[in-house]
Amino acid sequence: MTVAALTTGRRQAGLLEKLLAAVRAEFRTEIYRPDPADPVFVAPQCAVAGCDRVVSQRGLCNGHVIRWRHRGRPVMEDFLADPGPPVRGRQVLPSCRIGGCRYGRFGKGLCCKHYDRWVRAGRPDIDHWHAPTLPAVGAVPAECRLPFCSLWVEGPEKVFCQQHHERWTRAGHRDAERFIVDCELNGIAAVDLRGLPAQLTLEFQYGLQCRADARRRTTPARYVMQAVRHAQAAGIASLLELSEEQWRQRVRTGQVRAPVLFLLEVRDAVELLRDGAGWETEFGRDVWRLERLPGITTPATATVPRPRVRLHFERIPQPWLRDLAKRWLRLRLTSGLSITAAHTGLDALVCFGGFLVHAGVDRLADIDRPLLERHLAHVASQHGGHGLKKGRISNLNLFLQAIRQNRWDDSLPGTAAFYPGDIPPAPAATISRRLAEHVMAQVESEANLDRWHDPAGRLVTLILVRTGLRISSVVCLDFDCLVHDGQGAAYLRYFNTKMKREAAVPIDEHLERVIHEQQRRVLDRWPDGTGVLFPRRHANASGQLRLSDSSYRQMLRRWLVACDIRDEHGQPVHLTPHQWRHTFACRLINRDVPQEVVRILLDHESSRMTAHYARITDQTVRRRWEAAMKVNIKGEHVALTADGPLGQAQWAKTRYGIATQTLPNGYCGLPVQKLCPHANACLTCPVFLTGPEFLPELRDQRTRTLTLIDNATNCGHTRVAEMNQQVADNLDRMISELETGHHEPQETTHAS
């Protein structure tokens with residue numbers, strides 16, 4: 001026997017001992033029958049009254065589904081009102097029509113024995129035939145061994161009634177006890193492990209135990225049985241005889257996904273029991289299973305605490321580069337690097353490994369600056385956007401730095417480095433992602449919001465629109481996400497998944513009320529409570545699994561189609577949840593909310609990103625300005641060159657004039673460097689006239705002028721303050737005189 005075979009035999013023997021010690025008594029059975037109220041191995045009964053079979057499809061058992069289809073798929077309420085006789089295997093078999101005889105019927109409503117005597121009697125009228133008594137007095141035959149059948153057996157050598165004996169015969173004369181159990185299990189939720197090898201039986205029992213203990217996914221027994229049949233067809237004694245990839249290949253085509261996933265999870269659980277978890281076990285593998293690595297940072301949006309995520313190092317062709325990559329990513333993962341960032345770093349090294357093969361380099365010592373310059377050109381020629389290419393260069397640079405810092409391999413030349421100018425700058429984002437108000441009016445319409453079939457989806461939409469949160473933060477909201485300040489105002493407490501910190505945003509009374517309604521719905525379904533505000537609707541036994549952002553996006557797409565939301569060109573709208581964040585911010589900026597307040601509401605790290613929204617809003621104002629017709633005091637049309645060399649300068653001058661001159665009927669086009677001799681010319685003109693009917697406009701302009709003077713003075717803009725002070729003085733005098741004269745009684749002139 002080889003050393004490898006001996007080692008494998010020892011590992012299998014050790015696994016068998018571990019399985020015997022791990023599987024509890026309630027799962028140590030060949031036939032596992034879950035409780036009907038079990039939240040994991042859920043088994044709802046058929047909707048047909050009196051049917052004890054479990055649901056297969058459409059709320060019906062398999063037998064009633066077939067009958068419903070044969071009837072032409074009628075309305076379900078009509079079918080349930082008249083489902084017909086019990087399905088096969090559940091109806092009471094008729095006995096002989098001769099009184100007192102409990103043999104099964106054979107012909108003409110008679111049992112086999114009475115039928116034979118009736119034929120020998122010349123086939124008289126059965127209703128007037130004096131049938132013999134069977135059996136003889138004092139010799140009552142035994143009943144059928146099936147627990148739900150009370151008919152007599154035909155002879156002492158038989159164990160079933162005539163009809164069940166024929167069914168047993170058609171089944172191939174299997175073991176009678178097995179046939180009895182099979183009949184009892186027909187249509188019942190159960191996991192039948194009979195006939196499996198001993199270790200394979202223990203492995204499935206351990207998998208059932210792990211799934212029950214986790215209380216996360218719902219797993220109907222029929223899915224478990226499909227997984228068992230996959231294992232039986234493979235002819236193996238242990239699930240570990242085939243790798244995960246081999247199992248996927250065997251059951252890849254035309255199979256239901258849930259049984260395959262259950263089989264793979266059982267295999268993983270058994271392998272974890274055999275080998276244990278941790279870096280010492282996982283580091284040497286070419287495919288890392290991150291759910292087995294303790295202490296790593298999992299995404300806040302993960303639907304399970306330790307999701308099934310893989311890092312595939314086998315894609316790196318060079319063994320020496322693969323080993324260094326493992327050391328680097330182990331260091332980064334244990335220092336708090338996210339799983340997404342780990343995938344990005346691995347992608348950079350896979351790309352670099354492919355380039356080294358093309359360049360004919362197979363040693364770390366041959367990596368120098370000229371080679372990296374060639375790699376820069378290689379990355380630039382690959383498909384993908386700026387972010388992908390930047391990630392490949394920056395992560396490779398970090399990898400080379402880590403080799404030097406940790407002295408993993410001193411053969412790396414000192415010239416193997418990238419410099420800040422090696423990565424092209426990101427293209428300027430000039431397209432606004434905000435949604436047009438025409439679209440938002442349709443989104444926020446109560447009639448359209450009421451089209452949400454799932455109240456949770458409606459609430460997620462309201463939170464996204466009214467708070468500007470990211471979708472990843474909304475789906476991660478805790479059940480008790482509402483907090484109040486000293487004045488009783490409500491705030492939504494959430495986890496900023498990008499900044500990885502707690503934050504809060506103020507909400508209105510309506511949003512607070514619908515959040516309370518969602519909490520009540522969650523408690524109605526999970527009375528024991530759950531820690532999340534938006535639990536996943538299906539396959540969520542404990543209620544702890546969160547709604548995924550991908551599930552919400554699918555619901556959003558269906559909702560947009562149902563509401564027929566269209567843009568200003570009449571085309572169907574395709575939007576992403578993040579566009580509501582841009583729209584929320586731009587709305588605040590357009591309402592003159594201070595940029596610092598917007599930054600706090602959006603929980604931005606710095607004002608740089610918030611300024612992006614302000615820039616977008618400025619572009620929107622500019623487009624409207626350029627599209628509008630403008631004339632000067634001579635009645636001549638004035639056009640701004642939007643794309644010309646003076647376009648940006650012209651807009652800056654116009655924007656400054658709008659901000660610094662309180663003109664009620666136009667704009668100021670004076671260069672910012674020149675002193676205005678006609679600041680608000682009408683109000684400084686000696687021939688200007690006004691009257692009491694203009695008092696509201698004059699008071700409003702005075703308020704705006706004083707505000708502008710105060711702002712200019714505080715900012716040190718003395719020219720702007722001086723330019724508007726004369727206007728303010730004139731307005732004070734005119735308003736005072738008009739108010740005084742308006743309230744004094746007019747003198748009456750009498751004719752002499």
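This is a predicted model: local features need pLDDT of at least 70, side-chain atom pairs count only at pLDDT 80 or more; totals for chains, interfaces and linings use all residues.
A residue is taken as buried when its relative accessible area is under 20%. Helix α8 comprises 14 residues, 221–234, and reaches 20 Å from its first C-alpha to its last, close to the 20 Å expected at 1.5 Å a residue.

In soluble globular proteins, nonpolar side chains tend to be buried together. The largest nonpolar core of the model contains 50 residues, of which Leu492, Phe534, Tyr552 and Trp580 touch the most other members. Helix α18 (residues 455–467) supplies the largest share of this core, seven residues. Apart from this core lies another, of 43 residues, among them Ala325, Phe352, Phe355 and Leu364. When residues up to four places away in sequence are not counted, Trp580 touches Leu435, Met440, Val443, Thr461, Leu464, Val465, Tyr552, Leu556 and Leu575.

Helix α18 also packs against helix α20 (residues 509–525), their axes coming within 11 Å and crossing at roughly 150°. Since angles over 145 degrees count as roughly antiparallel, α18 and α20 are therefore roughly antiparallel to each other. Their crossing is left-handed. At this contact, Pro455, Ala456, Leu459, Leu462, Ile463, Arg466 and Thr467 of α18 meet His510, Leu511, Val514, Ile515, Gln518 and Arg521 of α20.

Note on methods. Residues are numbered from 1 along each chain as its sequence is written. Side-chain values use heavy atoms; hydrogens and water are left out. A nonpolar core is a set of buried Ala, Val, Leu, Ile, Met, Phe, Trp, Tyr and Cys residues joined through side-chain atoms within 4.5 Å. Buried means under 20% relative accessible area, exposed over 50%, partly exposed in between (1.4 Å probe, protein chains only). Helices (H or I, at least four residues) and strands (E, at least two) are DSSP runs, numbered from the N terminus. Contact means heavy atoms within 4.5 Å. The expected span of a helix is 1.5 Å times one less than its number of residues. Axes are lines fitted to C-alpha atoms, for helices over the stretch in contact, and angles run from 0 to 180 degrees between N-to-C directions. Angles under 35 degrees count as roughly parallel, over 145 as roughly antiparallel, 65 to 115 as roughly perpendicular and the rest as oblique. A crossing is left-handed if the near helix is turned anticlockwise from the far one by less than a right angle, and right-handed if clockwise.
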